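Subject: Structure handover

Dear colleague,

Please find the structure below, handed over for your files. My notes on it follow.

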Amino acid sequence: MRGRSQRSPQVAKDDELEKKHVELLKNSPAAQAASKELIRAVANQSIDATVIAETTRRITEMRASPEGREGIAAFLENSNSTERRERM
């Protein structure tokens, strides 16, 4: 017997996977690709000033892109709609 207990991997139910899949399809393909590139770039690295600067640069680029601005506007519009409904 080993000193540490082994955990079995969690298995998601099909309906949970489908919900997540539908959520992901709503996102910008460019943003998803950029997110994957960022993860690959910083994976297994210590969080230092260089990694923070690179992460900040990449996120800023995506947010400043036409797709990024559109996504932020849509998010804020939805948030504002929610706030208006709550006040009523």
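This is a predicted model: local features need pLDDT of at least 70, side-chain atom pairs count only at pLDDT 80 or more; totals for chains, interfaces and linings use all residues.

Where is the place of V51? V51 sits in helix α3.

V51 has a relative accessibility of 9%. The cut-off for buried is under 20%, so V51 counts as buried. Leaving aside residues up to four places away in sequence, V51 touches V42, Q45 and S46. A41 is ten residues from V51 in sequence, and the two C-alpha atoms are 8.7 Å apart in space.

The chain as a whole

The protein chain contains four helices and zero strands. Along the sequence the pattern reads α-α-α-α. The protein chain has 88 residues, of which 5% count as buried.

Helices α2 and α3

Helix α2 covers residues 29-42 and helix α3 covers residues 49-64. For α3, the 16 residues reach 22 Å from the first C-alpha to the last, close to the expected 22 Å.

Both helices have a side-chain contact to record at the start. S28 caps the N-terminal end of α2, with a side-chain oxygen 3.2 Å from the backbone nitrogen of A30. At the start of α3, a side-chain oxygen of D48 comes to within 3.2 Å of the backbone nitrogen of T50.

How do the two helices pack, and at what angle? The angle between α2 and α3 is about 175 degrees, and their axes are 11 Å apart. Angles over 145 degrees count as roughly antiparallel, so α2 is roughly antiparallel to α3. On the α2 side the contact is made by A30, A31, A34, E37, L38, A41 and V42. On the α3 side the residues are V51, T55, R58, I59 and M62. By type, the residues of this contact divide into nine nonpolar, one polar and two charged. As background, an α-helix has 3.6 residues a turn, so residues three or four places apart point the same way.

The loops on either side of α3

N44 lies in the loop between α2 and α3. Is N44 buried or exposed? With a relative accessibility of 85%, N44 counts as exposed.

S65 is placed in the loop between α3 and α4, the latter being residues 66-87. The relative accessibility of S65 is 18%, and S65 therefore counts as buried. The side chain of S65 reaches the backbone oxygen of M62 at 2.7 Å. M62 is also one of the α3 residues in the contact with α2.

Regards

How values were computed
Residues are numbered from 1 along each chain as its sequence is written. Side-chain values use heavy atoms; hydrogens and water are left out. Axes are lines fitted to C-alpha atoms, for helices over the stretch in contact, and angles run from 0 to 180 degrees between N-to-C directions. Angles under 35 degrees count as roughly parallel, over 145 as roughly antiparallel, 65 to 115 as roughly perpendicular and the rest as oblique. Contact means heavy atoms within 4.5 Å. Ala, Val, Leu, Ile, Met, Phe, Trp, Tyr, Cys and Pro count as nonpolar, Asp, Glu, Lys and Arg as charged, and the others, Gly among them, as polar. Buried means under 20% relative accessible area, exposed over 50%, partly exposed in between (1.4 Å probe, protein chains only). A polar contact is a pair of N or O atoms within 3.5 Å; within protein, one must be able to donate a hydrogen and the other to accept it, and residues adjacent in sequence count only if both atoms are side-chain atoms. The expected span of a helix is 1.5 Å times one less than its number of residues.
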